[in-house]
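Thanks for asking me to look this one over. Please have the sequence and the model open side by side while you read.

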Amino acid sequence: MDNSAIQTLEAAAQMLMAPPQMVTSEQRHQAESVFLEFRSTKNPYQLCREILEKSTSDYVLFEAAGLLKAALIREWTLLTENDVSSLREYLLSYLLRKEAPPFLREKLLQTIAIIIKRGSIDDGGRERKNLIIELEKIILSSPISHQKLACSLILAIMQEFAITVKSADVGLIWEVHFRLKKSFEALDLKRIFRFTVGVLEQIVRSGLRPEGEQALLTKQLLTIVETVLCWSHVSPLLSKRLIGAFEAIYESDTAPALRLSLSWRDTIMQPELLALFFEIHMYVRSNPDLASPSLTCLVQLASLSGVVVSASNLKQQYLENYVNSFLNMMAYIQPVEREMLGISDIYRRLIQFFSPAMIAATPPAFLQNLTTLTCHCIRGSVIEEGVNDDTVWRESLNKFLHSWSSLVHESDGYSNETLMNPCIEVFNTYLQSRLAPPDGTRPADTEEDIKDELEEDERKLHSNVLMTIGAIARKAPAHCCHVLFTLLQDRSKRLEGQLQLMHMGKLPISGGGHLVTLFEDLHWILMITGHFLAVDCTEGETVMIPSEIIHFSLRENANIDASLRYLVGETTDTENVDSVLKLIGEIIRINAWECAALEAGLGSVFSPELSATISWLLKIWANSYLMPQSSVYSEMSPILAMQNPLATCEEFLALLQWEAAGCNLPGELRKELHRAFAIAATYAEGDVRNRLLSSTVSLQEKLMNLINMESDTEPVRNMLADTLDCFIGVTDGVLEVGTMDEQFMMLIGALDKIPGIIFRYHNYPGVVLPALNLLAKSAKRMLHSVQPQNVNKFLEICNTTFEVYMRWNSGKISSIPQDAEEEAYEDICALMEVICSVARSGGAGDTCARGLRILLPLVTPPLLALPGLAAAAYRMLRDLDSADQLTNLPIDDFNMVVTALRVGLTAVSCDVSTLCCDTIVGLSNKVRTLGDDNPYAMSLLTLAELLLMLIIKVEIPPDSIPAAGAAIYSLTCVKPALLEGLARQLIEAYAVNDPTNVPRLEEAFGVLTNGVLFDGLRTHKLRFQDNFDKFLASVHGFLIVK
Amino acid sequence: MADIEDTHFETGDSGASATFPMQCSALRKNGFVMLKGRPCKIVEMSTSKTGKHGHAKVHLVGIDIFNGKKYEDICPSTHNMDVPHVKREDYQLTDISDDGYLTLMADNGDLREDLKIPDGDLGTQLRSDFDSGKELLCTVLKSCGEECVIAVKANTALDK
């Protein structure tokens, strides 16, 4: 037929692909519209065949393949079985016959796969099976190019069946996708696996080197096997949401564990199978492209679990087989860098999926290999840190350490005796890799680069690795304690020597590389010591002295008196002194040297990094060792229990005076200091408590003085801002112990002043912001647990603050553009926080309403375009809605809320549009009781049309679609005729432009409301959600031309 | 190091009463600082150090509060920087002269006519609001001997 049509397309393609200066933009637009029209061609199958046969333009071929796929999905229900199968046969023969370019080949293969998938809904997989048999024949006995094509088609089919939750674009609902996946799994997956493994075996046995075409084919076969082994075999009993989570794992880097059903037992338990996989890897490992999938196969096989090995003897047998083959391979090869990740993953998965007892029963070489490889990775990763951005060694080390962490914590696995020597080896290697020569092998750090301090804290950066190294070290406490003590003693002597020489002027103050090396050594020894002595817990965990340390101390049974005398520095005699205390004594001595250096004016010499590490170490030591609570320990070493706070808390209390006298710490630190005072006050008693509380009193005096000052200068304003920040510290530190009224009364003196401060300093955002923040923090921390009279007092302050703020800020236009983002933004966020906290405390609707009335006009669309502010604003609306605050607003204010929701729905962020939909659901449920002609209801219902259009045109983020469905349902509950009206409107619009789709659109709306009552009850809500999915699948199938 | 010395040299020039010293580590973002002799609002603050065991230096980026130009400086965190005294006062706008000068009235009734309409959108908005008869309140920012209008709002206080 149409040669002219093809010529038109080819001419247009030439326009599109031409360099910019050769064509006018008008010509380009015209060419674009030719293709836009082409993409919506109906019944294009014959035309596409013609194009595939005749056209030589890549672009036209690509478009034709795309159209073919889209049309099939769109018109599937209109096609006969004959049409479809002749098309499929044609496409396959076309691909076998012609050397299609890759982009075209992949598209056509995907089209065949879609045909197979949709076809198997009706024929139960008959055609699919026939096709697979045909492909197997091709692989066994055709030219290599055909074999590769057959492999690609198998992969395309697997891809099409693999994912269910996200496979929305072929016009099927999720339940059907899932059913098809399960049937494919049951009928064909194992067959594909066995066949492919068989072919791979032949290739390996053939002895040919995997090169050229042969290598490409091998890679495809390996990819098929890899895909089978990484397949997410999901139980049909899980909910859609959970299955979605599983599939997200499937798409991520780490594949899910290999959980197989019973039907796989005969295949997977064959002893030769594992040996074959290791053989395959050794065959391909010199070629990185092939080694990667083959190693993934080995990793997956290391995670075998599920009913297929539910009997423990089967599991044991499988593990023995696996480990034997694995050790055979390891004896034979020297792993290269890129294999490390895979091998570390094999260890991690074996240790994760097989019981500790089974692992402990493996041949000794298993543990020995693990030790050697870990040490190898430690050395590699330290070198890697200094050299490049590669992370292979570090990632591998993390995985190995993951394995170690399981090994040393399992009590029914390896015995302590077995683990001791390997642990010492790993510990020594790590320590050496961190120390400078001659003790260690740390590469010299020659670079004096400017380092950005925003880079992660050293102590956090390495904490994962160090925590495991610490746990490993505690398996050999005597050895590690001794090594660490010797090193600390040596370095602290050197530090002492250097500092003294400098103090006497015998050494230049610059210190030089010597000192830096010493600092770096100490930094690492201290970090390792810290992780050896204690576990750096996250907040909220009960911190304890590790049990291995207690046992070790008990076993040593040292002299208590001698130990304590050594610890406080009364003697240097280490005879009969507890080893743990020796270590602690040395830490305290280094700390003392640091203090001495600072006092002697050598502060500019001492390393801030090392100071930070010393503070960190003291902190984690104090957390575990100071005042151990006997109730949480089953046994305790008397020596460790004796270490009560050595000094009284006088030194801590001295800080109070220092701070009150005006220490020159930066504001942020003073805030922390007041937080600490407040925390301590909660626990302290009697006089100490009063002295701690007096810190707040003197803060208050300071505030009063500042407010009463006549002179309004920059330093005064700075001090005011700092003082307000200190109050925030107090608020943060107040712990919720019983009622909070006492703490509240302490703060009220400051809170009371906030409106006045904002009034006087309204032009100084540097003061207004901390004042608002203080209000917000106090509302959040204590409003919900104080007496009603105090709540009222607080609300009064809020009301006045709102009024003052509004007086100076409504209608304000500022010249400094960044103000719009920075200051207005932070002010408004603080105000929103106040309103939310007030709303959450309940029963303060009036204050909320006032706050909102001020806030809503300030939150303009340009501000809502800022993602951070938008997220906070819409979260506030949702929270206020759940606290029933929005429907109590005057109608004008409510209209502003609706306008804000309108803006939010069209935002691109998934979070914001979901929040808006949730808010709409909540509002609808409340408004429904008022009747649909109520002004609130009418205002809210104006959102329905926008929402429906956004959904239909897929302009709402896909993850918000379920929330949007719920919103449509609850809006319709307010006015049941709503949806029908909107549907009619939409259909009428289509009747003008696209009459052929009208019946399908009518049908889709029929599906949407089928059997649903808009009564807001759960059953109907759920039924609507189901219908909504079907509605979307069908509407998107034919309305959208991608 | 030359940078730091330069700054001290120049700021030393701007007069003792116009600025006061403050430790670098105590400066705040959105606060003020003198950079290259100009009063600036701090828009970015970051710290860096020479080598792992070196001492922190603060890197400051500021925007000139009068002409909007961007300045940068780097300073050891323990050193002092000059901070300009900044004052903001509100005036009622009573008239705009033909040559673009504003007639402003302070709270105590004093009149001044020495400030021009600000540049940019703010100036345009100011003029159109004034022409449409709105009562306007202008915020005047003063620092280091310079002054200009930086914000305008409708004077709601008059309604009450």
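The numbered points below go through the two chains in turn.

1. A word on conventions. This is a predicted model, in which local features need pLDDT of at least 70, side-chain atom pairs count only at pLDDT 80 or more, and totals for chains, interfaces and linings use all residues. Residues are numbered from 1 along each chain as its sequence is written, while chains are lettered from A and ligands numbered from 1 in the order in which they are written.

2. Chain A, overall. Chain A has 49 helices and two strands; helices (H or I, at least four residues) and strands (E, at least two) are DSSP runs, numbered from the N terminus. Its C-alpha trace spans about 100 × 80 × 60 Å along the principal axes. Of the 1042 residues in chain A, 39% are buried. Here a residue is buried if 20 or more other C-beta atoms lie within 10 Å of its own, exposed if 12 or fewer, and partly exposed in between, with C-beta atoms placed from the backbone.

3. Contacts along chain A. Taking contacts in chain A between residues at least 6 apart in sequence, 73% join residues at least 24 apart. Two residues are in contact if their C-beta atoms, placed from the backbone, lie within 7 Å.

4. Helix H1 (residues 3–17) of chain A and H2(A) have axes that come within 8 Å and cross at roughly 130°, which makes H1(A) oblique to H2(A). Axes are lines fitted to C-alpha atoms, for helices over the stretch in contact, and angles run from 0 to 180 degrees between N-to-C directions. Angles under 35 degrees count as roughly parallel, over 145 as roughly antiparallel, 65 to 115 as roughly perpendicular and the rest as oblique. The crossing of H1(A) past H2(A) is left-handed; that is, the near helix is turned anticlockwise from the far one by less than a right angle, and clockwise would be right-handed. On the H1(A) side the contact uses A:Thr8, A:Leu9, A:Ala12, A:Met15 and A:Leu16, and among its partners in H2(A) are A:Ala31, A:Phe35 and A:Phe38. By class, this contact of H1(A) with H2(A) has eight nonpolar, two polar and two charged residues. Ala, Val, Leu, Ile, Met, Phe, Trp, Tyr, Cys and Pro count as nonpolar, Asp, Glu, Lys and Arg as charged, and the others, Gly among them, as polar.

5. The next partner of that helix. Helix H2 (residues 25–39) of chain A also packs with helix H4 (residues 58–75) of chain A, at an angle of about 30° and with axes 9 Å apart. H2(A) and H4(A) are therefore roughly parallel. A:Phe35, A:Phe38 and A:Arg39 of H2(A) meet A:Glu63, A:Leu67 and A:Ala70 of H4(A). Four of these contact residues are nonpolar, none polar and two charged.

6. A proline pair worth checking. Which kind of peptide bond joins A:Pro437 and A:Pro438? It is cis, with omega about 5°. A:Pro438 sits in the loop between helix H20 (416–434) and strand S1 (450–452) of chain A.

7. Chain B, overall. Chain B has two helices and eleven strands, and 33% of its 160 residues count as buried. The chain is divided into domain 1 (17–82) and domain 2 (85–152), with bounds from an automatic or database domain assignment. The centres of the two domains of chain B, taken over C-alpha atoms, are 29 Å apart. Seven residues of domain 1 of chain B are in contact with eight residues of domain 2 of chain B. The domain 1 side of that contact has six nonpolar, one polar and no charged residues.

8. Two backbone angles in chain B. B:Lys36 is not a glycine, yet its phi is positive, at about 50°. B:Lys36 lies in the loop between strand S2 (32–35) and strand S3 (38–50) of chain B, and counts as partly exposed with 16 C-beta neighbours inside 10 Å. B:Cys144 also has a positive phi, near 50°, and lies in the loop between strand S10 (136–143) and strand S11 (146–154) of chain B. B:Cys144 is buried, with 20 other C-beta atoms within 10 Å.
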